Amino acid sequence: MMTIFGIPTQALFGQLLLGLINGAFYAMLSLGLALIFGLLNIINFSHGALYMMGAFVAWLFLNLLGVGYWWSLLLAPIVVAAFGILIERTMLSRLYKLDHLYGLLLTFGLALIIEGAFRQLYGISGMPYAVPPELAGGWNLGFMYLPIYRGWVVVASLILCLGSWLLIEKTKLGAYLRAGTENATLVQAFGINVPMMVTLTYGFGVALAAIAGVLAAPIYSVNPLMGSNLIIVVFAVVVIGGMGSILGAIITGFMLGLVEGLTKVFYPEAASTVIFVVMSIVLMIKPAGLFGKGN
Amino acid sequence: MTSANPAIAQSGGLTPQRILVFGLLALGLIAPFGVYPIFLMKGFCFALFAAAFNLLLGYVGLLSFGHAMFFGFSAYVTAHAAKEWGLTPEIAILLGVATATVLGAVTGWLAIRRSGIYFAMVTLAFSQMMYFVAVQAPFTHGEDGIQGVPRGHLLGLIDLNDTLTMYYFVFAVLVASLLFLHRIVNSPFGQVLKAIRDNEPRAISLGYEVDRYKLLAFTLSAALAGLAGSVKSLVFQLASLTDVHWHASGEVVLMTLLGGVGTVFGPSAGAFLVVAIQDYFSGIGSWVTIIQGAIFVVCVLLFRSGIVGVMAPMLKRRGIQA
């Protein structure tokens, strides 16, 4: 058997793949957080709960309506984004003139409500969601075994992240968005409907979380706590990357997933804490975050 | 409200403010004869926890979303010291508070490099790290927690196994801590904290080393949160993962917000309300979480000054400062 640094390659690449998958979820979620933060100046604490909701909507589609994975991948984000837009219109929009911390508190409360409601309805034991038949099975790559679905998650997440990046950096709509992030009042003065843009941005960020939820459903069991466990790590990722740049959020997400995977190979005890240790080091050296601007 | 209170410091007569304070003290002394003492002690512990948290949010304007790490970890240390090392309760509590103080100094040193929303996220992340440490470290006994912690004899003399004795001990700890906090808030140090809260750049331009003030406030807040956790572990004879979980961090935010941020009595009032809700709805699944979330939403949207914050102007018209 081949080994690298005394570690069998199978184990090493297996953990790296797991790290890459975690990184894919970190990237998708921190991208949504960064987008929302850029325009709304709110840290969306309910992001994890909405990710969980995405997975649950897919599960409910399958078990109540018989709607399969591929349609869920399209429909669940729309449903969850509609819910998000409702929240933004009825509640968040009242808070823009106040201290940003109120947005954090409100979305924390919403996260508790959503999580509590799903826990009340479905308990805390996870529900399985089958891998779609098109993506079942795996490939033996020689140095490792690659389950096709896991490869698909990494590829899908890369496509989504790069697509969002292109949308924001290269299109006219993205230019409006970036301008609105810099100076919303001025952009509004040019006749662009900023409140509408804010609502759609929130919807888009939430939809990204929901897609991540659907992608996660076949890997992790669908359970009401899946979001809150993830979102705190994503917050640390966001602190490490800084919320200044979209590409920064994506790169940091994948990078930290890999760091976590490597830690699992070489020092498993620290795997759950390594991201927080990285965060401490970044805070000491570059408090604004790796890609952050200012403080 | 937050302003310095000359009524207590100077005048000798019976001001309405004094009547309120003495009334509450008297109520605290006779309460265990009418209300279940364990419930009251739980309320006191969380009142202290919320008051410690309020020092940071209400007077420095820093929202920590990770105060459970101080509360929960000092509970573990106190429980371990009392059970495994057989130390007397006051030493065990001191060890717990010392742990929380050190933890507060280290995490605070890192966290105050960011402000606002980032500060909240950094503290939350650190507390999650400590949660994972608590899950893995052998001395915390994972999911079981440290059970059957002996309350022991205070100073080797006073038997705390008697519920009423324990009650008065906890009550005394709370009253002393609230007096201490009152003193901090109304000291020159407290005035600087409020200046930082209201206008940080101006405080810097006046020559105050803002970071040192923030760090000291954070450490004090952590130490008092630790005291609350230590005492709680003796009251319930249990230290468990619940106390280090981010839910506990959220609950203390809720108590303070509900009671009134930056008020003296607000966090205590909020703590008792939240504990009462917990006890009342504890039997029926996840409703506690849903209700707590709903209170958050209502507080933020409609009720930002909290119960005491809303009542204070009414009382003030009658010359009472809440």
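1. Let's start with one residue: Gly84(A) sits in helix α3 (residues 69–90) of chain A. Helices (H or I, at least four residues) and strands (E, at least two) are DSSP runs, numbered from the N terminus. Gly84(A) is buried, with 28 other C-beta atoms within 10 Å. A residue counts as buried if 20 or more other C-beta atoms lie within 10 Å of its own, as exposed if 12 or fewer do, and as partly exposed in between, with C-beta atoms placed from the backbone.

2. Before going on, a word on reading the model. It is predicted: local features need pLDDT of at least 70, side-chain atom pairs count only at pLDDT 80 or more, and totals for chains, interfaces and linings use all residues. Residues are numbered from 1 along each chain as its sequence is written, while chains are lettered from A and ligands numbered from 1 in the order in which they are written.

3. Which residues does Gly84(A) touch, leaving aside its neighbours within four places in sequence? Gly84(A) is in contact with Leu50(A), Tyr202(A), Gly203(A) and Val206(A); two residues are in contact if their C-beta atoms, placed from the backbone, lie within 7 Å. The C-alpha atoms of Gly84(A) and Ser46(A) are separated by 9.6 Å, and these residues are 38 residues apart along the chain.

4. Now the whole of chain A, which has 11 helices and four strands. Its radius of gyration is 19 Å, close to the 19 Å that the globule rule gives for 295 residues, so chain A is as compact as a globular protein of that length. The radius is taken over C-alpha atoms, and the rule is 2.2 Å times the number of residues to the power 0.38. Of the 295 residues of chain A, 50% count as buried. Among contacts in chain A with a separation of 6 or more, 75% come from residues 24 or more positions apart.

5. An unreviewed UniProt entry annotates "transmembrane region" on several spans of chain A, including residues 200–220 and 266–285. UniProt positions are given in the numbering used here, feature names are shortened, and annotations may be inferred rather than shown by experiment. In the model, residues 200–220 of chain A are 81% helix and 0% strand, with end C-alpha atoms 29 Å apart. Residues 266–285 of chain A are 65% helix and 0% strand, and their end C-alpha atoms lie 25 Å apart.

6. Next, where the chains meet: 34 residues of chain B are in contact with 33 residues of chain A. On the side of chain B that touches chain A, α6(B) gives the most, with 14 residues. The predictor gives the complex an ipTM of 0.85 and a pTM of 0.87.

7. Finally, confidence: pLDDT is the predictor's confidence in each residue, from 0 to 100. Chain B has a mean pLDDT of 86, and 93% of its residues reach 70 or more. Over residues 1–11 of chain B, however, pLDDT stays under 50. Where pLDDT is low, the predicted coordinates should not be read in detail.
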